[in-house]
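Reader: Could you walk me through this fold, one question at a time?

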Amino acid sequence: MKKNWQTMLLALGLAIFTWFLVTGREVIETWVEMPVIMTNPPEGLIIEEGMVEKIQVRLRGPKGLVGNLSSQTLNYPLDVSRLGVGQQVVEIDASRLPLSSAYEIIEVRPNRLRLVVDRRMTKSIALEAAWSGQLNPDYVLREVRVTPQTVEVRGPETKLRKLSTIKVVMHEDFPDTVPERWAEDVGVEVPDEVRPSPGRVRVEALFGPKTREIWVKLPLSFDDPKGLRAAVAQDYVRLLIEGPIALFRNNEYRTDMTATLTFPDKPAEGRFDLDFSVTLPEGCSLVRKNPETITTTLTKR
């Protein structure tokens, strides 16, 4: 029995050895992907176009070795220390592939890179604020502000040269109720590879009602001064006022309007051109009075 076990173990060892010889000597061909790692990047420069994340290597080698490649970390080191501003071609050097001489390199894709290199710079650019959205038709946008008014941007020189201003737009709808002011933090949108600082700014929009001017005829009111009787040349005045369009859609606003004759502190008999005061609805302003004064005669009772 003991002899049989020894024979069986010897047979198993020979089988494993034979398998290793067969598979180890068998040559196979495959594609392997390798991430590209830039080494010695030049100070102040940026590769704007043409860089790849990975290259593909077609190789041939012993089956046993090729099978182990998947468990290894293989990176291709691309030396970019000699790059300058502009377009240039960089060859993928097969001798720099992290592979031993046991492998035969058949093909590399891509085998060269056409790189566009630019100078990295920083620039201060003014912001242009705007608002976009649906607005109640009785209102208008008065003003849009942004804080801060400029941002620092960093990126390729060729792209920054084309930037003179950056527009920041706040999107918000006010179909019904419209606030006097509305503020939000808005992201600064810039071209790819350009980085703004700060990345978000405060945008404030100021709204107001649409207004128009109208003439209004009002009765002139007054109380006789003590001991005197007042006789006015006309018992009405006309006022040119400016106010919200929505307010003038009916005549209710007139109930909040008055025109009152103003007497001096110590009135006496005689004929005078007296001023009159007016009260107006909220949101309205006086543009002109007609007449400016009222001819008034004061007599004793």
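Reader: What share of the protein's contacts with a separation of 6 or more comes from residues 24 or more positions apart?
Author: This is a predicted model, in which local features need pLDDT of at least 70, side-chain atom pairs count only at pLDDT 80 or more, and totals for chains, interfaces and linings use all residues. Residues are numbered from 1 along each chain as its sequence is written, and side-chain values use heavy atoms, with hydrogens and water left out. A contact here means heavy atoms within 4.5 Å. Among the contacts with a separation of 6 or more, the share from residues 24 or more positions apart is 73%.

Reader: How many helices and strands are there, and what is the radius of gyration?
Author: Helices (H or I, at least four residues) and strands (E, at least two) are DSSP runs, numbered from the N terminus; the protein has 3 helices and 21 strands.

Reader: Which residues have the most contacts inside the largest nonpolar core?
Author: Such a core is a set of buried Ala, Val, Leu, Ile, Met, Phe, Trp, Tyr and Cys residues joined through side-chain atoms within 4.5 Å, where buried means under 20% relative accessible area (1.4 Å probe, protein chains only). The largest one has 23 residues, and β1 (27–39), β3 (54–62), β4 (76–79) and β7 (112–132) each give two or more of them. Beyond its neighbours within four places in sequence, Ile55 is in contact with residues including Val32, Met34, Tyr76 and Ile92. The residues with the most contacts inside the core are Ile55 and Leu99.

Reader: Is Glu48 buried or exposed?
Author: Glu48 lies in strand β2 (residues 45–49). Leaving out residues up to four places away in sequence, Glu48 touches Val116, Asp118, Pro156, Thr158, Lys159 and Glu193. With a relative accessible area of 15%, Glu48 is buried.

Reader: In the open sheet of 3 strands, what is the strand order?
Author: Two strands pair if DSSP finds at least two bridges between them, and 7 bridges join β11 to β13 (residues 200–209), which run antiparallel. Across that pairing, Glu184 stands opposite Val203 in β13. The pairing in the sheet is antiparallel, and the order is β8-β13-β11.

Reader: Which strands are at the edges of that sheet?
Author: An edge strand here pairs on one side only. The edge strands are β8 (139–147) and β11 (181–187).

Methods:
Buried < 20%, exposed > 50% of the residue type's maximum accessible area, 1.4 Å probe, protein only.
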